[in-house]
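Take a walk through this fold with the model open beside you.

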Amino acid sequence: MTSRTESAAGSAGLSRSTQGETAAGFAEYLASPEGPQFLNPDAVRSPGPDVPIRTVTADGRHGPVAIRIYGERAGTDSPSLVWLHGGGFVSGSVDIPESDYLARVLAHQGTPVLSVDYRLARDGVSFPIPHDDALAGWFWARENAESLGLDPDLLCLGGAGAGGNLAVGAALYLIDAGKPLPAKLLLAYPFLHAELPPPAGGLDPEVMAGLPRHLRFTVEDCIRTAENYVGGPVSMASSYAMPGYADPAGLPPTALLACEYDDARGSTELFASALERAGVPVSYFLAEGGVHGHLNHTAGLSEGQAALDFLAGELSAAKRA
């Protein structure tokens, strides 16, 4: 076993008996609106940078949509990012590290981030409401870019987990509607397929067995998560709801962050292959030793720096494209 495998297994911090306490399943765990737990909650984390933050409101089809803006004017030759947090469509918010810490780091480096607080698929909410909220955030950003000191043509779109799904679904809608596309898509371990293909090369069974149950994706977990979002059987889902099954032709250049010990890694790999076949430029980064929710679990830790550097580098490349 390699050293990074040992580190990943050890960072779970759970005994065999403790694992039983989290055996309810990923879909059940995500029903908690506060979002996912840290894999290593006792780690000493660096706080995110102190950057200017303000909140605005966009008019959406289903009511107002809050957008939290991080950072100052970047200049008309610099990219900015519209970001969508993860959480299986039923949990998380703009406050979770996957969103807040990431936005602080990028904004501190000179890339303003607009984090969209879309409605969760809870209490009767289902597709297309989160999808429409994501689009409302994107359209607001495009329409107000110049007044914010941003270049609308260098506006990027991205998200993690379920937020990655929403980002791709929004981009597909923009293609069909003939609207301007993001300069680039940035996707972290996106949830794009209801039925997960196996990851290339498989997964280390010893490491995976040592992870807490809420970080594992069974076939049933994924189907239930998708059905909750779709509001019915996956077979009735539109391509905007489960965009991994759609034709990706026409999508903008895409950066993909995958995690080594993630049951859902096969979905990211499959999407990368589909993008390449469609002629879409793809950048791919594998977070070695990482598990699903990598940006949450490693926020403020040195283990997450490589992933943040990858995303920051891809944004910088959008400036030169």
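How many of the 5 residues of strand 4 are buried? The count is 4 of the 5, so strand 4 is largely enclosed by the rest of the structure. Buried here means under 20% relative accessible area, exposed means over 50%, and partly exposed lies in between, with a 1.4 Å probe and protein chains only. Strands are DSSP runs of E with at least two residues, helices are runs of H or I with at least four, and both are numbered from the N terminus.

A word on the source. This is a predicted model, in which local features need pLDDT of at least 70 and side-chain atom pairs count only at pLDDT 80 or more, while totals for chains, interfaces and linings use all residues. Residues are numbered from 1 along each chain as its sequence is written, and side-chain values use heavy atoms, with hydrogens and water left out.

Now the overview. The protein chain has 11 helices and 8 strands. Of its 321 residues, 57% are buried. Contact means heavy atoms within 4.5 Å. Among contacts with a separation of 6 or more, 80% join residues 24 or more positions apart.

Two strands pair if DSSP finds at least two bridges between them.

Return to strand 4 and look at its partners. Strand 2 (residues 63–70) pairs with strand 4 (residues 113–117) in the antiparallel sense, over 5 bridges. Alanine 66 has aspartate 117 as its bridge partner. Isoleucine 67 is bridged to valine 116. In a regular strand the side chains alternate between the two faces of the sheet. Strand 3 pairs with strand 4 in the parallel sense, over 3 bridges. Here valine 82 stands opposite leucine 114. Between these two strands the chain passes through helix 4, and this β-α-β crossover is right-handed. That is, with the strands pointing away from the viewer, the path from the first strand over the helix to the second runs clockwise.

Most residues other than glycine have a negative phi, and most peptide bonds are trans. Phenylalanine 89, in the loop between strand 3 and helix 4, has a positive phi near 75°. Is phenylalanine 89 buried or exposed? It is buried, with a relative accessible area of 0%. Aspartate 123 sits in the loop between strand 4 and helix 5. Its phi is also positive, near 55°, but aspartate 123 is exposed at 79% relative accessible area. Proline 128 lies in that loop between strand 4 and helix 5. A cis peptide bond joins phenylalanine 127 to proline 128, with omega about 15°.

Finish at helix 9 (residues 265–277). Its expected span is 1.5 Å times one less than its number of residues. The 13 residues should therefore span 18 Å, and the end C-alpha atoms are 19 Å apart, which agrees. The buried residues of helix 9, including Phe271, Ala272 and Leu275, pack against helix 6 (162–177), strand 6 (185–188), strand 7 (254–261) and strand 8. Just after helix 9, glycine 279 takes a positive phi of about 80°.

Threonine 254 lies in strand 7. Threonine 254 is buried, with a relative accessible area of 2%. Leaving aside neighbours within four places in sequence, its contacts include Leu185, Leu187, Leu275 and Val282. Its side chain also reaches the backbone oxygen of proline 252 at 2.9 Å. A polar contact is a pair of N or O atoms within 3.5 Å; within protein, one must be able to donate a hydrogen and the other to accept it, and residues adjacent in sequence count only if both atoms are side-chain atoms.
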